[in-house]
Amino acid sequence: MIKRPIYILLTILLAASATTQAQVKQPVKKPAQKSTQSKPAAKKLGDAAAKAKQDTSKKGGQTTPANAAQNGGSLSEEIVVTTVYKPVLADAVKIRRNPNLDDTQPYKAPLSYTTLDKRLEQNSDIRQLEAMKMPAERDSLPANNFVRAGFGSLKTTFGEAYFNNGQDEALQVGAFLKHFGQQGNLPKQNESRSEVGVFGKSIGEANTITGRVNYLRRNNYYYGYNTLALTNPAAEPMKQHYNTLSAEGELARNYQDTDRVLTYALKVNGYLFNNAFKAKENNVVLSGYLNQTINQFYAGLGASLDLASQKDSLYSLNNSFLRLNPYLKFQGDNYKIDAGVNIAQEFGFSSRFFIFPAVKLEFQVIPDFVRLFAEAKGDVNRTSLRNLSEANPFLDQNIGIQNSVDKLDITVGLKGRIIPGLGFKAAIFRNTVSDLPLFVSNVQPALTGNQPIPGTLHRFNVVYDDGRARISGFNGELDYKASDDVNIFGLVEFRDYKLASQAQPWNLPKFKLTAGTAIHINDKVDINGSLLFRGTTKDLLTNEQVVTLKSFADLSGGVNYKATKQISVFVQVNNILNTTYQTYLNYPNYGFNIFGGAGFTF
């Protein structure tokens, strides 16, 4: 490639040479010059002419480059010009690179600096976490009061109401009302239950005071009879009612999270009970305890004075107790030990003194999952007209009173959780009980005035197993909470009775299963269900005849739908399987029944 300066020089020389020699075609001899500039110029001129591919040179005479060297370095050339040389642009070499005319200098913003006015802290220690504030409630419309009512088959009537003063953490005052009634297909197969109550709770800086007052009334008829139907209107079954007025008050020291603290509580509760037979029972219990805590060591004393009077048409007696319970407790990371005794003094119609063990042990077998527990205890149990009527509303009058004694109850078992959400408790036990109370039938002729008529009325008395009875068995509980929306639970009970004087544990089942579920479908729909399965039982008639009551299953369920924030509707179905069964002899239970209604929150 010929560079631009050489190309320009070559063009000028060729043009000048062509103009000079256009008229003279004679060879021109040029003497060789010793200057250092002649040879390079002649050589470059010859090279350029040869590269231009022009055949314009001829050798003149005998002169050659070799001869010229021998003859003193002279060189002569003959240049023949046939036409005027016109250089064209194609003979030049283009520069294929254009200069960049854009200004691409980057912009640099001026830097600014700000110093932080903050002390450098040493972060080698773990910082203490600050207490998290309670998040605001999502419900913008707090609901303090709730009422709902309904009706259904079997002339079912249902109603309940709850009232509360509001979201005051230091003071809670409220009241409630409940009612449920049904009428079956048999004559006078009626029952109803109504309850009303008020309650209050005040939380002070050091102590908390709570109190309540309740009134409960239960109504039913002695509709159980056999053989011929009672066609005489005068033989209508007798109506029974049970009234209970109860009250309770408590003063307790608030919890304190300290290593050394003295806690105490004082409680008074009691009730007045009566029925249609004019039987009465009054009870007042004064109880309290003192507890001193030193680190993980507890020492305390519990005491109670239980005063009761029981009266019927054939007796009036005092049946009271004085109890003391001193105890020591030790608690560690993997264990808990409660060691104490129950001291009981029975006075009134019977005077007896007892000392029972009160020991309980818990040990963590698998951390956070399984705990082993064992318990040994004993106590005196008052035979209460109120408790007997709750278990069996078809009691006769003048029930015999005899207190039972739990000589020694021993329980060993495991409790904890198998997987997250699945809790369990399983225990085997053996109880030694004296004077165990049992229900037996008391069949009486139906009367019109003093004259018997066809058919027999059915009531129940209480008999006692004189001596020591041994009751062995197994209790198992499962509670599966898959989430906040699904909860399934169940309890199974096995009993084996070794009685002292009675042939059978009259009207006590040896097997019982109860289960239920509560499912929260969404913000509007909730579902509940329950199952009761009871094994066979035996009853003893007045003529020493033994009657077997068959086992049964009772399945119930319901749905609650929240239409708005204030209004909800519900449906409840009982005895879905429509099972015909008897809890007590000649007293069949209600068959399939359904009721529903609506509720309102405000």
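What follows is a short chat about a predicted model of one protein chain.

Me: What is the mean pLDDT of the chain?
Reply: The mean is 83, and 76% of the residues reach 70 or more.

Me: Where does pLDDT stay under 50?
Reply: One stretch is residues 20–46, for which the model has 14 contacts beyond four places in sequence. Another is residues 227–231, with 11 such contacts.

Me: What should I do with those parts?
Reply: Where pLDDT is low, the predicted coordinates should not be read in detail.

Me: OK, new topic. Which strands does β6 pair with?
Reply: β6 covers residues 190–203 and pairs with β5, residues 171–183, in the antiparallel sense over 13 bridges. β6 is also joined by 13 bridges to β7, residues 207–221, again running antiparallel.

Me: How many residues lie between β5 and β6?
Reply: Six, and the two strands form a hairpin. Lys188 sits in that turn with a positive phi of about 60°.

Me: And between β6 and β7?
Reply: Three residues, in a hairpin that joins the two strands.

Me: Which residues stand opposite each other in these pairs?
Reply: Gly181 stands opposite Ser192 in β6, for one. Arg193 stands opposite Arg218 in β7, for another.

Me: I clicked on Asn254. Where is that?
Reply: Asn254 is in the loop between β9 (239–253) and β10.

Me: Is Asn254 buried or exposed?
Reply: Asn254 counts as buried because its relative accessible area is 16%, and the cut-off for buried is under 20%.

Me: What does Asn254 touch?
Reply: Leaving out residues up to four places away in sequence, Asn254 touches Ile203, Gly204, Glu205, Ala206, Asn207 and Thr208. Its side chain makes a polar contact with the side chain of Thr208 at 2.4 Å. The Asn254 side chain also reaches the backbone oxygen of Glu205 at 3.5 Å.

Me: Now the largest nonpolar core. Which residues there touch the most other members?
Reply: Leu385, Leu395 and Val462, out of 21 residues in that core.

Me: Which elements give two or more residues to it?
Reply: β10 (260–275), α4 (385–391) and β19 (451–483). β19 gives the most, with three residues.

Me: Back to Val462. What are its contacts?
Reply: Not counting residues up to four places away in sequence, Val462 touches Leu388, Leu395, Ile399, Pro437, Leu438 and Phe439.

Me: What about a second core?
Reply: A separate core has 11 residues, including Val440, Ile471, Tyr497 and Leu499.

Definitions and conventions
Residues are numbered from 1 along each chain as its sequence is written. This is a predicted model: local features need pLDDT of at least 70, side-chain atom pairs count only at pLDDT 80 or more; totals for chains, interfaces and linings use all residues. Side-chain values use heavy atoms; hydrogens and water are left out. pLDDT is the predictor's confidence in each residue, from 0 to 100. Contact means heavy atoms within 4.5 Å. A nonpolar core is a set of buried Ala, Val, Leu, Ile, Met, Phe, Trp, Tyr and Cys residues joined through side-chain atoms within 4.5 Å. Buried means under 20% relative accessible area, exposed over 50%, partly exposed in between (1.4 Å probe, protein chains only). Helices (H or I, at least four residues) and strands (E, at least two) are DSSP runs, numbered from the N terminus. Two strands pair if DSSP finds at least two bridges between them. A polar contact is a pair of N or O atoms within 3.5 Å; within protein, one must be able to donate a hydrogen and the other to accept it, and residues adjacent in sequence count only if both atoms are side-chain atoms.
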